[in-house]
Amino acid sequence: MHRISLEGLMISPTSPESPLSDATVEMSEAALTEFEWSLWRISAAFLRWQSECSSELAGAGLSGLDTAILHTIRYRNKPKGLGEISRLLGRDDTANIQYAIKKLQTLQLIERVKGRSRKDTLYVPTRKGTKLTQDYRLLRRHLLVSLIQKMDHAEKGLGSATEMLELLTSFYDTAARRVASGSHPVERS
């Protein structure tokens, strides 16, 4: 069983702010737990959508990550290297990204292009890859955008949700860095 040391996380008694009550903390924790369950479900549904849509269009099995990498490589019609792909997707699992890149090359959806140096490998979509991303966009527009447009104030709601998710991403990244750096050591019991 792992426990995280909570030293330093409480508001000091000399703080002008009043400490949070246990009930307030429990309500916040319950709301965060519900949010995390929803996040897992939407993440799984989104990856399932990407995989099903791209696999159907490509005539081959593509995962959500394969699809995300293909779209990232096509993003702004500018060649991308492994580092930029990882950064744009917020991922650090280089081996999985490299595996997906090889798969996309095998399916002739992307190709290597000469980089700025020998060490720098860049990728671009092939005609087949570009067509797949265009077809994906049309199918997405037909199936998803048409559903979202039925919601009142959809654009504003999506914008607010995007801002909140970006902020929460920074909180999760900060908390992960703190655990990894030993700022809040994990106590083993």
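A: The residues that line the largest pocket divide into 24 nonpolar, twelve polar and seven charged, where Ala, Val, Leu, Ile, Met, Phe, Trp, Tyr, Cys and Pro count as nonpolar, Asp, Glu, Lys and Arg as charged, and the others, Gly among them, as polar. The model is a predicted one, in which local features need pLDDT of at least 70 and side-chain atom pairs count only at pLDDT 80 or more, while totals for chains, interfaces and linings use all residues. Residues are numbered from 1 along each chain as its sequence is written, and side-chain values use heavy atoms, with hydrogens and water left out. A pocket here is an open set of points on a 1 Å grid over the protein atoms alone, where a 1.4 Å probe fits, with protein on both sides within 12 Å along at least five of seven lines, and lining residues have an atom within 4 Å of a point. The largest pocket holds about 2,400 Å³ of space, a volume being the space filled by probe spheres set on the points, which are joined across faces, edges and corners. Its lining comprises 43 residues, and those nearest the centre are Ile 42, Ser 43, Phe 46, Gln 50 and Leu 165. Two or more lining residues come from each of helix 1 (22-58), helix 2 (64-74), helix 3 (82-89), helix 5 (127-148) and helix 6 (154-181), helices being DSSP runs (H or I, at least four residues) numbered from the N terminus. Helix 6 gives the largest share of this lining, with twelve residues.
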